[in-house]
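Grab a pencil and have the 3D view open next to you.

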Amino acid sequence: MEGLLVFVAVISKDNKPIILQEFRSNTDITMHFVVYSSLDIIERKIVEIRDSNEMTKNYLGYLGPALLGEGDYALYCWLSFTGVKFVAVLKENYEQRNDEKIKSLMQKLEQLYIKTISNPFHDPSDFTSVKLIDKLQKKAKRILKA
């Protein structure tokens with residue numbers, strides 16, 4: 001599954017982008033649209049979780065496909081207890097879809113985000129740090145490799 005991560009978005013509780021990071025060239029505008037389109041699905045899943053009293057459920061799982069001209073993509077979401085949404089767009093690979101690996105990736109994304117915002121020297125308006133992006137890429141490669 002290595003190299004399947006295309007885009008990661010971290011969206012605040014009030015649906016404002018915190019991190020929008022692409023991992024392939026020429027996909028950023030398209031992926032911004034795809035992620036914003038998925039927010040309605042995420043909100044619907046959050047309501048379903050609240051209604052079912054499963055408030056401990058962070059991994060919202062597979063949100064659906066994003067069929068674009070350059071290929072098929074799959075969207076996945078993790079919801080923090082504070083309402084921050086972590087959306088990953090992966091190149092669809094039906095033979096190798098592994099929910100446990102994707103769940104692990106999403107959990108690591110949240111942990112990396114928490115470590116970053118917990119740093120007293122971190123500027124809360126700046127998530128473009130090369131170090132942060134490198135860590136994100138390394139974690140994704142390590143977890144998603146076959």
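Before you start, one term: two residues are in contact when they have heavy atoms within 4.5 Å. Also keep in mind that this is a predicted model.

**Exercise 1. Find out which residues Leu 136 touches, leaving out residues up to four places away in sequence, and whether Leu 136 is buried or exposed.**

Step 1: Locate the residue. Leu 136 belongs to helix H3, which covers residues 130-144.

Step 2: List the partners. Skipping residues up to four places away in sequence, Leu 136 touches Val 8, Gln 21, Phe 23, Leu 109 and Leu 112.

Step 3: Check the accessibility. The cut-off for buried is under 20% relative accessible area. Leu 136 has 8% relative accessibility, so it counts as buried.

Step 4: Tyr 113 sits 23 residues away from Leu 136 along the chain, and their C-alpha atoms are separated by 9.5 Å.

**Exercise 2. Work out where in the protein chain confidence is lowest and where it is highest.**

Step 1: Start with the whole chain. Its pLDDT averages 79, and 79% of the residues score at least 70.

Step 2: Go through the elements. H3 has the lowest confidence, with a mean of 71, while strand E5 (residues 85-91) has the highest, at 89.

**Exercise 3. Describe the largest cavity: what is its volume, and which residues line it?**

Step 1: Count. Searching the whole structure turns up 2 cavities of 30 Å³ or more.

Step 2: Get the volume. For the largest cavity it is about 90 Å³.

Step 3: Name the lining. It is made up of Val 8, Val 10, Ile 19, Phe 86, Leu 109, Leu 112, Tyr 113, Leu 132, Ile 133 and Leu 136.

Step 4: Sort the lining by element. Strand E1 (5-11), helix H2 (99-118) and H3 are the elements that give two or more residues to it.

Step 5: Sort the lining by class. You get 10 nonpolar residues, no polar ones and no charged ones.

**Exercise 4. Two of those lining residues are Phe 86 and Tyr 113. Classify their ring pair.**

Step 1: See how many pairs there are. The whole structure has 3 aromatic pairs.

Step 2: The cut-off you need here is an angle over 60 degrees.

Step 3: Phe 86 is in strand E5 and Tyr 113 is in helix H2, so the pair ties together parts that are 27 residues apart in sequence.

**Exercise 5. Compare Ser 38 and Lys 103: is each one buried or partly exposed?**

Step 1: Take Ser 38, which lies in helix H1 (residues 28-51). Its relative accessibility is 3%, so Ser 38 counts as buried.

Step 2: Find its contacts. Not counting residues up to four places away in sequence, Ser 38 touches Leu 63, Leu 75 and Val 87.

Step 3: Move to Lys 103 in helix H2. With a relative accessible area of 33%, Lys 103 is partly exposed.

Step 4: Find its contacts in the same way. Not counting residues up to four places away in sequence, Lys 103 touches Tyr 59 and Trp 78. Gly 61 is 42 residues from Lys 103 in sequence, and the two are 7.5 Å apart in space, C-alpha to C-alpha.

**Exercise 6. Explore the loop between E1 and strand E2 (17-22) through Ser 12 and Asn 15.**

Step 1: Check Ser 12. At 11% relative accessibility, Ser 12 counts as buried. Leaving aside neighbours within four places in sequence, Ser 12 is in contact with Ile 18, Gly 83 and Lys 85.

Step 2: Check Asn 15. Asn 15 is partly exposed, with a relative accessible area of 30%. Now look at the backbone: Asn 15 isn't a glycine, yet it has a positive phi of about 65°.

**Exercise 7. Zoom out: how many helices and strands are there, and in what pattern?**

Step 1: Count 3 helices and 5 strands.

Step 2: Read along the sequence, and the pattern is β-β-α-β-β-β-α-α.

Step 3: Finish with burial. Of the 146 residues in the protein chain, 44% are buried.

Definitions and conventions:
Residues are numbered from 1 along each chain as its sequence is written. This is a predicted model: local features need pLDDT of at least 70, side-chain atom pairs count only at pLDDT 80 or more; totals for chains, interfaces and linings use all residues. Side-chain values use heavy atoms; hydrogens and water are left out. Helices (H or I, at least four residues) and strands (E, at least two) are DSSP runs, numbered from the N terminus. Buried means under 20% relative accessible area, exposed over 50%, partly exposed in between (1.4 Å probe, protein chains only). pLDDT is the predictor's confidence in each residue, from 0 to 100. On a 1 Å grid over the protein atoms alone, a cavity is a set of points where a 1.4 Å probe fits but cannot get out, and a pocket is an open set with protein on both sides within 12 Å along at least five of seven lines; lining residues have an atom within 4 Å of a point. Grid points are joined across faces, edges and corners, and a volume is the space filled by probe spheres set on the points. Ala, Val, Leu, Ile, Met, Phe, Trp, Tyr, Cys and Pro count as nonpolar, Asp, Glu, Lys and Arg as charged, and the others, Gly among them, as polar. Rings of Phe, Tyr and Trp (its six-membered ring) pair if their centres lie within 6.5 Å; planes under 30 degrees apart count as stacked, over 60 as edge-to-face and the rest as tilted.
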